[in-house]
Amino acid sequence: MSYTVNGEELPTDDQGYLLEPNYGDDVVAVIAQAEGLTLTDDHWKVVRCLRDEYREHGQTPNFRHMMKALAFLIAVVESGRASGRVRV
């Protein structure tokens, strides 16, 4: 299996995960479409949050850090503004 994005073939493993990290908007949209998802603004907020974590730390966040970041993001989305930290 692979994904084709802008004419470039991106190889995946047996489970469909990219072999090389590529989190560009076009790649995210192609993978979402292949999974039958229509991305909303809230989906993109999560994608950007995880992308920022990857860029900052050089790896995807472990589950604990991912949940902490997402809990904060959810609180921001629900409140309409950043109002402090969320402890998980």
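Biologist: Which residues of helix 1 are buried?

Modeller: In this predicted model, the buried residues of helix 1 are Val27, Val28 and Ala32.

Biologist: Why is arginine 51 called buried?

Modeller: Arginine 51 has a relative accessible area of 11%, and buried means under 20%, so arginine 51 counts as buried. This residue lies in helix 2, which covers residues 41-57, and, leaving aside residues up to four places away in sequence, arginine 51 touches Tyr23, Gly24, Asp25, Val28 and Trp44.

Biologist: What makes the pairing of arginine 51 with aspartate 25 a polar contact?

Modeller: The side chains of arginine 51 and aspartate 25 are joined at 2.8 Å, and the cut-off for such a pair of N or O atoms is within 3.5 Å, so the pairing qualifies as a polar contact.

Biologist: Why does asparagine 6 count as exposed?

Modeller: The relative accessibility of asparagine 6 is 66%, and exposed means over 50%, so asparagine 6 belongs with the exposed residues. Its place is in the loop between strand 1 (2-5) and strand 2 (8-11).

Biologist: What joins the side chains of asparagine 6 and aspartate 26?

Modeller: A polar contact of 2.8 Å joins these two side chains, asparagine 6 and aspartate 26. Asparagine 6 can also be compared with valine 27, which is 21 residues apart from it along the chain, with 8.8 Å separating their C-alpha atoms.

Biologist: How do you know which helix gives the most to the lining of the largest pocket?

Modeller: Helix 1 (25-34) and helix 2 each supply at least two residues of that lining, and helix 2 gives the most, with 6 residues. The largest pocket has a volume of about 800 Å³ and is lined by 25 residues, of which Tyr17, Tyr23, Val28, Ile31 and Leu50 lie nearest its centre.

Biologist: How many residues of each class are in the lining of the largest pocket?

Modeller: The lining of the largest pocket holds 18 nonpolar, 5 polar and 2 charged residues.

Key:
Residues numbered from 1 in each chain as written. Predicted model: local features only at pLDDT ≥ 70, side-chain atom pairs only at ≥ 80, totals over all residues. Heavy atoms only, no water. Helix = DSSP H or I, 4+ residues; strand = E, 2+ residues; numbered from the N terminus. Buried < 20%, exposed > 50% of the residue type's maximum accessible area, 1.4 Å probe, protein only. Polar contact = N/O pair within 3.5 Å; in protein donor to acceptor, adjacent residues only side chain to side chain. Contact = heavy atoms within 4.5 Å. 1 Å grid on protein atoms, 1.4 Å probe; cavity = no way out; pocket = protein on both sides within 12 Å on 5 of 7 lines; lining within 4 Å. Points joined across faces, edges and corners; volume = space filled by probe spheres on them. Nonpolar A, V, L, I, M, F, W, Y, C, P; charged D, E, K, R; others polar.
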